[in-house]
Amino acid sequence: MDEEYDVIVLGTGLKECILSGLLSVDRLKVLHMDRNDYYGGDSTSLNLNQLWKRFKGDETPPASIGASRDYNVDMVPKFMMANGALVRVLIHTGVTKYLSFKAVDGSYVFNKGKIHKVPSTDMEALKSPLMGLFEKRRAGKFFLYVQDYKENDPSTHKGLDLTKMTSKQLISKYGLDDNTIDFIGHAVALHKDDSYLSEPAIEIVKRMKLYAESVARFQGGSPYIYPLYGLGELPQVNALFTLFSCLIPAIIYVRCI
């Protein structure tokens, strides 16, 4: 091992691996260290033996539940927006050529005692019982405004300054009812609570545009994608790709005992 490095990165979580990958692309020499015998840190994907060791100590998993390699259990499962910042970073570093993703078939909401699919196409929106006919027309006008809105093009703003008006003020201009506001705020814009209603409207518009762009990107049933072999693939492939793709070794990975 060389004694001098430009950067030392501790841990192989997703953030650490993306950071080391970006630094190595810029030809910095990176020492990447981890005390575990697997990538991913707290957000790793474990096979059966690793999972058993983590939670059961030295016990051996029973043979009846299958081979260890058949399992990829995510410790922190999370969906990825198909057109989100993380996907764009992965494309920039080139690792997506070595990853397999699956578009999530659909997302759902619980409303008035029933489970409903969040519409992802015009036909699904027309058939969805989440809104009445007239409410769909009002919501359609709002969605059209959001779709056409471009932050750097005042002609698409229709005289509205979304940095100064709240989300509640913007939505009220379209006369949407409370159920539709809940649907837009939580199922589409993915806000955790209603505090967004008092925040600048530009935020909900950006979130809605991201949702729509993500649905359109892979023509799936939702805006979400997921690594086929678990989220642990992301840091592992990112680190290994940047290690072997450079003309000179830019990353040295070390397991700390």
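The largest nonpolar core has 33 residues, and Phe142, Leu162 and Leu170 have the most contacts inside it. Here a nonpolar core is a set of buried Ala, Val, Leu, Ile, Met, Phe, Trp, Tyr and Cys residues joined through side-chain atoms within 4.5 Å, with buried meaning under 20% relative accessible area (1.4 Å probe, protein chains only). The model is predicted, so local features need pLDDT of at least 70, side-chain atom pairs count only at pLDDT 80 or more, and totals for chains, interfaces and linings use all residues. Residues are numbered from 1 along each chain as its sequence is written, and side-chain values use heavy atoms, leaving out hydrogens and water.

**Exercise 1.** Find which helix gives the largest share of this core.

*Solution.* Start with the elements that give two or more residues to the core: helices H5 (133-148), H6 (167-172), H7 (178-188) and H8 (201-218). Helices are DSSP runs (H or I, at least four residues), numbered from the N terminus. The largest share, seven residues, comes from H8.

**Exercise 2.** Find what Leu170 touches, leaving out residues up to four places away in sequence.

*Solution.* Count a contact when heavy atoms lie within 4.5 Å. Leu170 then touches Phe142, Tyr145, Leu160, Leu162, Met165, Ala201 and Val205.

**Exercise 3.** Describe where H1 and H3 meet.

*Solution.* First, take H1 (residues 14-25) and H3 (residues 85-93). Next, list the partners: Leu14, Ile18 and Leu22 in H1 meet Leu86, Val89, Leu90, His92 and Thr93 in H3. Finally, sort these contact residues: six are nonpolar, two polar and none charged.

Conventions: Axes fitted to C-alpha atoms, helices over the stretch in contact; angles between N-to-C directions. Nonpolar A, V, L, I, M, F, W, Y, C, P; charged D, E, K, R; others polar. Buried < 20%, exposed > 50% of the residue type's maximum accessible area, 1.4 Å probe, protein only.
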